[in-house]
Amino acid sequence: DVPSAGLIAKGSPEERGPAAVRRVHRMLEEASIDDALAAYDKASRTLYHWPSQPDLHAMIKAFHAKGAERQSVRLMREHCRCFPEASDKMRLKLAQILINQCERPTEAARLLGEAPAGSLSPDLERTRQKLLSKAAAMIEEGVLELEGDD
């Protein structure tokens with residue numbers, strides 16, 4: 001069983017982190033994506049060095065399994081910021097979501113530019129180039145980006 005929010009706040013740091021991860025997963029299982037995001041936000045503000053890279057990756061995958069890719073953007077950004085060495089594929093997936101679902105080609109192009117030339121495997125580099133081309137085409141078409149819409 002997952003402890004209630006009140007019990008999470010009272011436990012030791014070693015207990016609170018895993019409990020918060022379980023809470024986010026439980027919210028997703030109950031198809032409450034907004035509640036899962038709220039639980040994630042609260043834990044990320046109140047727990048030091050939370051979540052771990054494997055836990056964050058698992059939460060992102062759980063959001064995607066529920067079809068909540070757009071809602072996972074915040075978590076994916078956090079992954080790229082906190083774990084850049086483990087974020088090559090994450091950065092590409094985030095750029096793909098920014099382009100295809102959020103219509104944020106400029107932000108996607110900036111994100112894709114963070115990977116130094118030659119740092120990606122040939123397969124990932126081809127994907128990066130395709131995403132950069134699509135972002136450039138959208139920008140040329142005049143796609144208007146709104147700040148803070150995700």
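Which helix does arginine 128 lie in? Arginine 128 sits in helix 8, spanning residues 122-141. The model here is a predicted one, so local features need pLDDT of at least 70 and side-chain atom pairs count only at pLDDT 80 or more, while totals for chains, interfaces and linings use all residues. Residues are numbered from 1 along each chain as its sequence is written, and side-chain values use heavy atoms, with hydrogens and water left out.

Overall, the chain has eight helices and zero strands (DSSP runs numbered from the N terminus, with H or I of at least four residues for helices and E of at least two for strands). Read from the N terminus, the order is α-α-α-α-α-α-α-α. Of the 150 residues in the chain, 40% are buried (under 20% relative accessible area, with exposed being over 50% and partly exposed in between, using a 1.4 Å probe and protein chains only). The chain exposes about 8,600 Å², with carbon and sulfur atoms supplying 52% of that (Shrake-Rupley areas, 1.4 Å probe). As for contacts (heavy atoms within 4.5 Å), take those with a separation of 6 or more: residues 24 or more positions apart account for 55% of them.

Back to arginine 128: its relative accessible area is 9%, so this residue counts as buried. Its side chain makes a polar contact of 3.1 Å with that of glutamate 125 (a pair of N or O atoms within 3.5 Å; within protein, one must be able to donate a hydrogen and the other to accept it, and residues adjacent in sequence count only if both atoms are side-chain atoms). Leaving aside residues up to four places away in sequence, arginine 128 touches Leu92, Leu112, Gly113, Ala115 and Leu120.

Aspartate 41 is buried because its relative accessibility is 18%. The side chains of aspartate 41 and arginine 74 are joined by a polar contact of 2.3 Å.

Next comes the packing of two helices. Helix 4 (residues 53-65) and helix 5 (residues 73-82) have axes that come within 10 Å and cross at roughly 155 degrees (axes are lines fitted to C-alpha atoms, for helices over the stretch in contact, with angles from 0 to 180 degrees between N-to-C directions). Helix 4 and helix 5 are therefore roughly antiparallel (the label for angles over 145 degrees; under 35 is roughly parallel, 65 to 115 roughly perpendicular and the rest oblique). Their crossing is left-handed (the near helix is turned anticlockwise from the far one by less than a right angle). On the helix 4 side, the residues involved include Leu56, Ile60 and Phe63, and these meet a helix 5 set made up of Leu75, Met76, Glu78 and His79.
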